[in-house]
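Hi,

Here is the structure I promised to pass on. Have a look at it first, and then read my notes below.

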Amino acid sequence: MDYRLDEILNRDFLEKDHLIYLLSLNNENDIEKLFNKAYEIKTKYVGRKVYYRGLIEYSNVCAKDCYYCGIRKSNKSYKRYTMTDDEVLEAAKAAFDYNYGSVVIQAGEIESEAFTNKIVKLVSEIKSLSDGKLGITLSLGEQTEEVYKKFFEAGAHRYLLRIETTNENLYSKIHPADHSFKRRVECLHSLKNVGFQTGTGVMIGLPDQTIEDLANDLLFFREFDIDMIGMGPFIEAEDTPMFKDKDRLLSKKERFNLALKMIAVLRIMMKDINIASATALQAIIEDGREQGLKVGSNIIMPNLTPVKYRADYQLYDDKPCIDEEASKCRHCLDARVRYAGDEVGYGEWGDSKHFAKRK
Ligand code: SAH
Ligand code: SF4
């Protein structure tokens with residue numbers, strides 16, 4: 001019997017060495033104990049409801065060149081696309097008709113007046129077509145505080161910007177020299193200043209990433225008092241500079257398991273935040289997102305991107321459901337969520353309870 005594990009799981013406040021201990025668990029019974037505790041805390045603090053954010057992958061045009069990402073600007077093997085306004089509104093309408101509470105608009109990173117104006121217009125139109133009812137999350141990378149403010153005033157109220165890793169040295173290894181960790185953090189501060197429910201996250205299983213790095217990531221989330229997290233396994237993407245590292249990574253299954261542990265430990269640390277089951281979990285294990293629900297996550301992002309664009313928005317290899325219509329995915333996902341023991345919070349925004357308290 002491991003008394004240390006019980007003692008740690010019942011602590012009010014986890015210190016760094018506790019996090020390292022939990023992330024390093026390798027005995028199946030111990031891991032199950034961790035997962036059960038996380039699910040118990042989820043049930044108690046945020047409930048067994050899963051909120052949907054219909055994902056609209058608006059454009060794969062990107063000005064950045066992150067070494068890990070399939071749609072980085074230097075990757076010439078993708079046809080670049082941007083959805084038409086009608087296609088975006090149709091996808092949002094589908095979300096509304098399916099009674100999803102919210103949509104996420106995600107895209108490569110473009111900083112330009114034309115892009116800003118376009119997003120402002122789309123956000124306002126989605127608000128009006130749904131009578132203000134659809135919640136809108138944006139995930140459009142680094143922008144100035146002024147631009148974030150415009151997005152917010154147009155009606156978006158959540159924003160996701162992953163820090164990717166809080167180890168600055170590792171950050172500089174996975175990005176070209178003109179990508180700045182400092183700016184990333186500044187952007188997160190701007191998002192909070194503007195009033196967004198602010199989300200971040202990291203990739204798990206990056207080359208040379210240690211358990212201590214991951215513990216530091218968790219500490220960063222707590223120190224930053226973040227409202228929402230989306231984190232998942234790093235998955236090598238062909239035609240990217242980091243594809244060459246694929247043979248020195250943890251196995252995909254190990255990255256998956258580590259991602260589940262990160263979710264569970266985070267749920268124990270930050271009881272009332274929203275945690276997404278990243279799609280990358282499903283790229284490794286078919287029911288990966290549902291397994292995420294069982295260890296503490298409470299958000300899923302069903303894909304609403306028109307099928308004709310999906311193959312061109314592959315941030316990583318083996319991205320699931322690239323040829324499946326949203327209408328088909330819908331029933332299958334609902335059944336899976338129920339099977340996992342949760343229910344879907346249809347028609348609800350499912351905002352971060354933590355954000356409500358923070359305000
Ligand atoms: N351009 C925006 C949004 C799209 S990218 C941005 O960068 O914020 C969204 C997320 O996809 C990134 O934050 C990154 O964490 C994730 N991602 C990109 N490539 C990945 C890979 N190879 N494996 C796992 N996740 C990846
Ligand atoms: Fe562009 Fe985002 Fe991919 Fe970086 S992670 S290359 S910013 S889409």
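**Salt bridges and the rest**

I started with the charged pairs, and the structure holds 36 salt bridges. Bear in mind that this is a predicted model. The general idea is simple: side chains of opposite charge can pair when their charged atoms come close.

Take E142 and K64 to begin with. They form a salt bridge in which the closest N and O atoms are 3.1 Å apart. E142 sits in the loop between β3 (135–139) and α6 (145–154), while K64 sits in the loop between β1 (49–59) and α4 (85–97), so this pair ties together parts that are 78 residues apart in sequence. Are the two partners buried or exposed? E142 is buried, with a relative accessible area of 2%, and K64 counts as buried too, at 12% relative accessibility.

K64 and E142 belong to a network of salt bridges that links them with E109, E111, E164, R183 and R184.

K64 turns up again around ligand 2. The residues there are C62, K64, C66, Y68, C69, I71, R72 and G108. Sorted by class, that shell has five nonpolar, one polar and two charged residues.

Next, look at D85 and K121. Their salt bridge has its closest N and O atoms 2.6 Å apart. D85 is in helix α4 and K121 in helix α5 (residues 113–129), so the pair links distant parts of the chain, 36 residues apart.

R336 counts as buried at 18% relative accessibility, but E286 is exposed, with a relative accessible area of 58%.

How many of its residues are buried? Ten of the 14 are, which leaves α9 mostly covered. The buried ones are D213, L214, A215, D217, L218, L219, F220, F221, R222 and F224. While you turn the helix on screen, remember that an α-helix has 3.6 residues a turn, so residues three or four places apart point the same way. Just after α9, D225 takes a positive phi of about 55 degrees.

**Zooming out**

The protein as a whole has 15 helices and ten strands. Its radius of gyration is 19 Å, close to the 21 Å that the globule rule gives for 359 residues, so the protein is as compact as a globular protein of that length. The C-alpha atoms fill a box of roughly 60 × 40 × 40 Å along the principal axes.

Of the 359 residues, 61% count as buried. As for contacts with a separation of 6 or more, 76% of them come from residues 24 or more positions apart.

Cheers

Technical notes: Residues are numbered from 1 along each chain as its sequence is written. Chains are lettered from A and ligands numbered from 1 in the order in which they are written. This is a predicted model: local features need pLDDT of at least 70, side-chain atom pairs count only at pLDDT 80 or more; totals for chains, interfaces and linings use all residues. Side-chain values use heavy atoms; hydrogens and water are left out. Buried means under 20% relative accessible area, exposed over 50%, partly exposed in between (1.4 Å probe, protein chains only). Helices (H or I, at least four residues) and strands (E, at least two) are DSSP runs, numbered from the N terminus. A residue is near a molecule or strand if one of its heavy atoms lies within 4 Å of it. Ala, Val, Leu, Ile, Met, Phe, Trp, Tyr, Cys and Pro count as nonpolar, Asp, Glu, Lys and Arg as charged, and the others, Gly among them, as polar. A salt bridge is a side-chain nitrogen of Lys or Arg within 4 Å of a carboxyl oxygen of Asp or Glu. The radius of gyration is taken over C-alpha atoms; the globule rule is 2.2 Å times the number of residues to the power 0.38. Contact means heavy atoms within 4.5 Å.
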